[in-house]
Structures are given as structure tokens and as C-alpha cells.
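The sequence and structure are shown first.

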Amino acid sequence: MPVYAPKDYEKIIARIRTKTAAAKIEMGRCLSEEVITAFEESCHVQLPQAYRMFLKQVGNGCEEMLDGFKLNGLEDMERKDLSKPFQLEEEWIWEDEDGRYGERQNIIEKEIAEKAFQGNIELIDVGDGMTYNLIVTGKCRGEVWSFSGMGVQPCCERQDFLGWFELWLDHQDETDYFKDYVYG
């Protein structure tokens with residue numbers, strides 16, 4: 001399930017709604033345009049169209065996803081300035097930078113903060129420092145990436161929010177977001 005084209009969003013949303021109902025997944029209540037716009041204004045960003053549609057037509061988060069972890073609702077997300085772009089286009093595993101990380105730790109940490117830890121919102125915290133985040137600015141806007149203390153990378157083949165969520169719907173706790181993706 002790749003990054004979908006906007007022309008396909010309506011049919012994908014309908015398919016997701018059918019699948020969530022069939023699986024008896026309790027989604028949070030759908031949000032109004034006003035609630036979404038208020039979040040966007042407070043964070044100085046416009047959320048990706050597919051995610052906005054999901055919030056309005058499918059639901060705002062759910063209590064159990066990915067081995068029982070919660071899909072955050074918009075109200076759970078930190079209100080902060082999201083206008084600075086997420087600067088990565090490919091994975092960055094900073095742990096692989098051997099001794100360089102130890103020698104230049106402060107410089108690398110600043111670089112990490114500037115390149116990776118802006119322009120995204122946390123969808124799920126799976127513990128042990130690992131999260132799935134939606135990129136809301138930059139060239140990868142709309143994609144879901146895996147974040148950890150070791151680095152960041154896109155989920156399997158490039159996934160937008162709808163593809164990422166539907167992959168989980170189809171495979172639930174057996175979902176392997178890394179099956180097609182091996183970083184260098």
C-alpha cells in the first residue's frame with residue numbers, strides 16, 4: 001500500500017470505514033472542520049489532506065492499535081509550532097555513525113533536532129523510545145515514519161497515513177511495517 005493519490009482518498013476512506021466496522025474497532029468520534037482548524041492554527045501548520053479526511057470521516061484516534069497501543073487523538077498531541085519542515089527524505093540511523101556520535105554528541109543531537117524532530121506529530125508511542133509519526137511538513141509530508149532513539153525511517157515501502165492505517169487493519173498485530181524496508 002503506497003502513498004495514495006488524493007483522487008483516491010474518498011474510496012480508501014470508505015474502504016477503511018467498512019473494515020473498521022467489520023472488525024468492531026471503536027474509533028474516537030469524528031472531528032469537525034472547526035476543531036481541526038483550531039489545532040492547525042495553534043500549531044502553524046495545515047495537516048495532510050488524507051489525515052484531515054480520516055479525522056472527519058473515520059474517527060479521531062482509537063484505543064487499541066498495534067499490540068494494544070493507542071492511536072493518539074488530535075487532543076492528545078502536543079501543541080507546538082510545526083511549521084519548520086521535516087528535513088529528511090531518507091532514513092537516518094545516527095546510531096550507525098560509530099564513534100562519531102560519541103565524539104560529536106552535542107553537534108549530532110542539535111542536527112537531529114533540526115532535521116528529524118520537527119514537522120511531525122506522534123501517532124503512536126509503542127514504548128522503549130519507539131513511535132510512529134506523521135510527517136506534516138517537508139518533502140515527505142503525509143508519510144508515516146518510525147522514530148526511535150537510534151534513528152528515523154519510513155515505514156516499509158513509503159506509506160501515507162491511509163496506507164499505514166489500512167495495512168494495520170488488514171493484518172492487525174501481525175503487521176510488519178519493516179518487511180519491505182531495510183536501511184543501509
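Histidine 44 counts as exposed because its relative accessibility is 52%, and the cut-off for exposed is over 50%. The model in which this residue is seen is a predicted one. Histidine 44 lies in the loop between helix 2 and helix 3. Its phi is positive, near 60°, although the residue is something other than glycine.

Lysine 24 is another non-glycine residue with a positive phi, here about 55°. The loop that holds lysine 24 runs between helix 1 and helix 2. With a relative accessibility of 72%, lysine 24 counts as exposed.

## Overall make-up

The protein has six helices and six strands. Along the sequence they follow the pattern α-α-α-β-β-α-α-β-β-β-β-α.

Of its 184 residues, 47% count as buried. The protein exposes about 9500 Å², and carbon and sulfur atoms supply 48% of that area. Among contacts between residues at least 6 apart in sequence, 64% join residues at least 24 apart.

## Helix 2 against helix 3

The axes of helix 2 and helix 3 come within 10 Å and cross at roughly 140°. Helix 2 is therefore oblique to helix 3. The crossing of helix 2 with helix 3 is right-handed.

On the helix 2 side the contact involves Glu33, Ile36, Thr37 and Glu40, which meet Arg52, Leu55 and Lys56 of helix 3. By class, the residues of this contact are four charged, two nonpolar and one polar.

## Helix 1 against helix 3

Helix 1 covers residues 9-22 and helix 3 covers residues 49-57; their axes come within 11 Å and cross at roughly 40°. That angle makes helix 1 oblique to helix 3. Helix 1 passes helix 3 in a right-handed crossing.

Helix 1 contributes Tyr9, Glu10, Ile13, Ile16 and Arg17 to the contact, while helix 3 contributes Gln49, Ala50, Met53, Phe54 and Gln57. Six of the residues in the contact of helix 1 with helix 3 are nonpolar, two are polar and two are charged.

## What covers helix 3

Helix 3 has the buried residues Ala50, Tyr51, Arg52, Met53, Phe54 and Leu55. Among these, Ala50, Met53 and Phe54 take part in the contact with helix 1, and Arg52 and Leu55 take part in the contact with helix 2.

The cover over the buried residues of helix 3 includes helix 1, helix 2 (33-43) and helix 6 (161-171). Strands also belong to this cover, including strand 2 (69-71), strand 3 (120-127) and strand 4 (130-135).

## Glutamate 122 in strand 3

Glutamate 122 is a residue of strand 3, one of the elements that cover the buried residues of helix 3. Its relative accessible area is 33%, so glutamate 122 is partly exposed.

Leaving aside residues up to four places away in sequence, glutamate 122 touches Asn72, Met77, Thr131, Tyr132 and Asn133. The C-alpha atom of glutamate 122 is separated by 6.4 Å from that of leucine 134, which is twelve residues away along the chain.

How values were computed: Residues numbered from 1 in each chain as written. Predicted model: local features only at pLDDT ≥ 70, side-chain atom pairs only at ≥ 80, totals over all residues. Heavy atoms only, no water. Helix = DSSP H or I, 4+ residues; strand = E, 2+ residues; numbered from the N terminus. Buried < 20%, exposed > 50% of the residue type's maximum accessible area, 1.4 Å probe, protein only. Contact = heavy atoms within 4.5 Å. Areas by Shrake-Rupley, 256 points an atom, 1.4 Å probe, with all protein chains shown as cover. Axes fitted to C-alpha atoms, helices over the stretch in contact; angles between N-to-C directions. Parallel < 35°, antiparallel > 145°, perpendicular 65-115°, else oblique. Left-handed = near helix turned anticlockwise from the far one by under 90°. Nonpolar A, V, L, I, M, F, W, Y, C, P; charged D, E, K, R; others polar.
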